[in-house]
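The paragraphs below take the chains in turn and then turn to the place where they meet.

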Amino acid sequence: MNTVFQLLQNMLFAAVPAVGFGLVFNVPRDALIYCAAGGAIGRGLRFLLVTSGMPIELATFLAASVVSFLGVYIAQRMRAHPKVFTVAAMIPMIPGVPFFTALIAVGEIQRHGLTPDLFATAITSGLRATFIVAALAVGLALPGLLFYRRKPVV
Amino acid sequence: MLMQHGAESALVESVTRRLGLALGVRSVEVAIMANALTVTTLSENHCITTVRRNEDRGINMHMVTEVQRAALAVEAGELDCAGFRERIEAITPQRYPRWLVALMIGLSCACFARLAGADWLSCLLTFGAGTLAMMARQWFAARHFNPLVTFFAAAFVATSYAGQGVIYKIGSTPKIAMASCVLLLVPGFPMINSVSDMVKGYINTGLSRGMMAVLLGAATSAGIILAMTVWNVWGWL
């Protein structure tokens, strides 16, 4: 019961940023609903996979590829490139906090000298951010890599 | 045109090539660089090469969609060359109202805070900080400041606002609020485009977009560090 509640909460709170950033990217109005759905599905799926014990990079990769396949299906009906709304749907899964933590840790190393703690923070957060972003992007590109090798999606 | 509004390289190349073939030239070759586009068309044994500069006009998916739909219409034989030109020139970038974007971004940041486990009071704080930072970002962007300056200033505004929560002990998790309110400045689109460009073999544009994303992040963290120094609150590490 608790897991279901958390899952719903995760999906709801992921749909709002997906739409918010959809507005920043000027996604066409009729595609905004797909941003919300994609954000909720992606984040919810990742939450389920992580709670069942999967490492976060792999879970992110799977969630991104599921959203991407759904995106291809919708894109063919809408006659628009799937990236138009799938990238906004990925935003709730972007590792923003590790990304900034790494850069701030680098700044702190410059100010206070190198300590093992700061160095470890910079490297681990930086690597985590890099790996999750790579997982997102490769997951998004998966339909193109597997099925649309010689032909365009739309 | 597509490049200016943040489409990925593979899309730019395939749309240009298909458009050329549909308009009846024999072949189209495209070379994409970070801020210019070279197109050579071969028709009736003549080579025509043009180089177009592209400036960064901000991400606008509406433009990408409209340009692509126009190109698809040409391919289906509904439009000819003149018709295509007319249709492209008739597209005006659609923008959402600025207050709506700012409010939604504030709400998004509050959601991020909630996802990270903040209590409701901290979410409210994050909402205020995110909205204010987005308004600052729009203000600077509308005056054509360099994006690096814009991100720096917005990060400073957001952290200063959320930092008050730490100083006056608003809510039980003000540090999460400080971390979440700058998430609107994460350059997510360039990051994803950068990796997917490189996966598809466009190392050049991928690297330049990735570098831009890291630079924007560095400018943002410089803003955060400055704000933390000014108010003497250390929320991140």
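A residue is called buried if 20 or more other C-beta atoms lie within 10 Å of its own, exposed if 12 or fewer do, and partly exposed in between, with the C-beta atoms placed from the backbone. By that rule, buried residues make up 53% of the 154 residues in chain A. This is a predicted model, in which local features need pLDDT of at least 70 and side-chain atom pairs count only at pLDDT 80 or more, while totals for chains, interfaces and linings use all residues. Residues are numbered from 1 along each chain as its sequence is written, and chains are lettered from A and ligands numbered from 1 in the order in which they are written.

Helices (H or I, at least four residues) and strands (E, at least two) are DSSP runs, numbered from the N terminus. Chain A has six helices and zero strands, so that its elements, read from the N terminus on, run α-α-α-α-α-α. Its C-alpha atoms fill a box of roughly 55 × 45 × 30 Å along the principal axes. Two residues are in contact if their C-beta atoms, placed from the backbone, lie within 7 Å; among the contacts in chain A between residues at least 6 apart in sequence, 70% join residues at least 24 apart.

Chain B contains nine helices and three strands, and along the sequence they follow the pattern α-β-β-β-α-α-α-α-α-α-α-α. Of the 237 residues of chain B, 49% count as buried.

Where do the two chains meet? In all, 45 residues of chain B are in contact with 42 residues of chain A. On the chain B side, the elements that give two or more residues are α1 (9–22), α2 (61–75), α4 (98–115), α8 (188–199) and α9 (203–231), and α4(B) gives the most, with ten residues. The residues of this side divide into 28 nonpolar (Ala, Val, Leu, Ile, Met, Phe, Trp, Tyr, Cys and Pro), five charged (Asp, Glu, Lys and Arg) and twelve polar (the others, Gly among them).

Just after α4(B), Gly117(B) takes a positive phi of about 95°.
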